[in-house]
Amino acid sequence: VFFFNDTATTEIYTEQIVGSVRCVQETGLKMHPKFDKLWMIGGQIKTQLQSYEEAKQIFEEGLRENSESVDLWICAVELEMQLSNAPRARALCEKAKSKIRSNPKLWLESVYIEQRENNPKGASYMLSRGLQECPKNGELWALSIELEPKATRKAKSVDAMKHLENDPHVVLAVAKLFWKEKKYEKARKWLERVIILNPKFGDGWAYFYKYIQEQGTTEEKQEVINKCVEADPNQGKLWISISKDVKNWSFNNQEILQKTQPIIEKEMTRLE
């Protein structure tokens, strides 16, 4: 199985995308239809080639073989959002949730759909339902802190910490509050705590690096880069969105870290 996965990845590195599609479709998928990552790779490559209908077909066929694959459902949902088809994305997400109960990734995806559609009430509703079904999920709690009105955000963060005081997503959300309030020493301590709790959490490294770029020294910047490369992170919504993008599959950890910075800049500017 991994031979075909690695072959496709290697061909993407050399930008032979058409060859990668042929490898995935003609060999890998036929021999290993239950390997959901191959369907994901095939659909993502077709999306990169702007062959959207073919990408949809690959995801649909993949879901018939792998109906319990959360990540494959999310790929199908996000393709519909990329094509500005929110009703179809919602329908797919609801179908996924009916098949896979109490999955926080799917509830997060429902929230993201409403956010991208500029529907704050819908996003809050989906977030509330998600927390009811998945009360121990740090990503949902972290998002609830960020979506809370500024006046009650501190209270929400206290509530989240009561439930999950050692979850890196929640700790990161609290660190960002201190950062925006210009309580820089507190922000640094909480950001450091994030990467201690989970060195594989790439988003923690990304935000800590951004903080050090603003508040640290040249030596500290290089130290963060070195420690991030050594930790070899592979988790976090932001980190994965970059590392798993077909265009970036040849990036090393330092390049991924650098790529996160303008995205974080925009987010911190937007956060009240």
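**Reading loops and a helix face**

Mentor: Let's start with Gln50, which sits in the loop between helix 3 (36-48) and helix 4 (52-65). Helices here are DSSP runs (H or I, at least four residues), numbered from the N terminus. This is a predicted model, where local features need pLDDT of at least 70, side-chain atom pairs count only at pLDDT 80 or more, and totals for chains, interfaces and linings use all residues. Residues are numbered from 1 along each chain as its sequence is written, and side-chain values use heavy atoms, leaving out hydrogens and water.

Trainee: What is the phi of Gln50?

Mentor: Most residues other than glycine have a negative phi. Gln50 isn't a glycine, yet its phi is positive, near 65°. Asn118 isn't a glycine either, and has a positive phi of about 55°. Asn118 lies in the loop between helix 7 and helix 8.

Trainee: Are Gln50 and Asn118 buried or exposed?

Mentor: Go by relative accessible area: buried is under 20%, exposed over 50%, partly exposed in between (1.4 Å probe, protein chains only). Gln50 is exposed at 58%, and Asn118 is exposed too, at 69%.

Trainee: Which residues of helix 8 are buried?

Mentor: In an α-helix, residues three or four places apart point the same way. In helix 8, the buried ones are Gly122, Ala123, Met126, Leu127, Gly130 and Leu131. Looking down the axis of helix 8, these buried residues fall within an arc of 165° (taken from the directions from the axis to the C-beta atoms), so they line one face. Exposed Lys121 and Gln132 are on the face turned away from the buried side.

Trainee: What do the buried residues of helix 8 pack against?

Mentor: Helix 6 (86-99), helix 7 (104-116) and helix 9 (138-147), with contact meaning heavy atoms within 4.5 Å.

Technical notes:
Helices (H or I, at least four residues) and strands (E, at least two) are DSSP runs, numbered from the N terminus.
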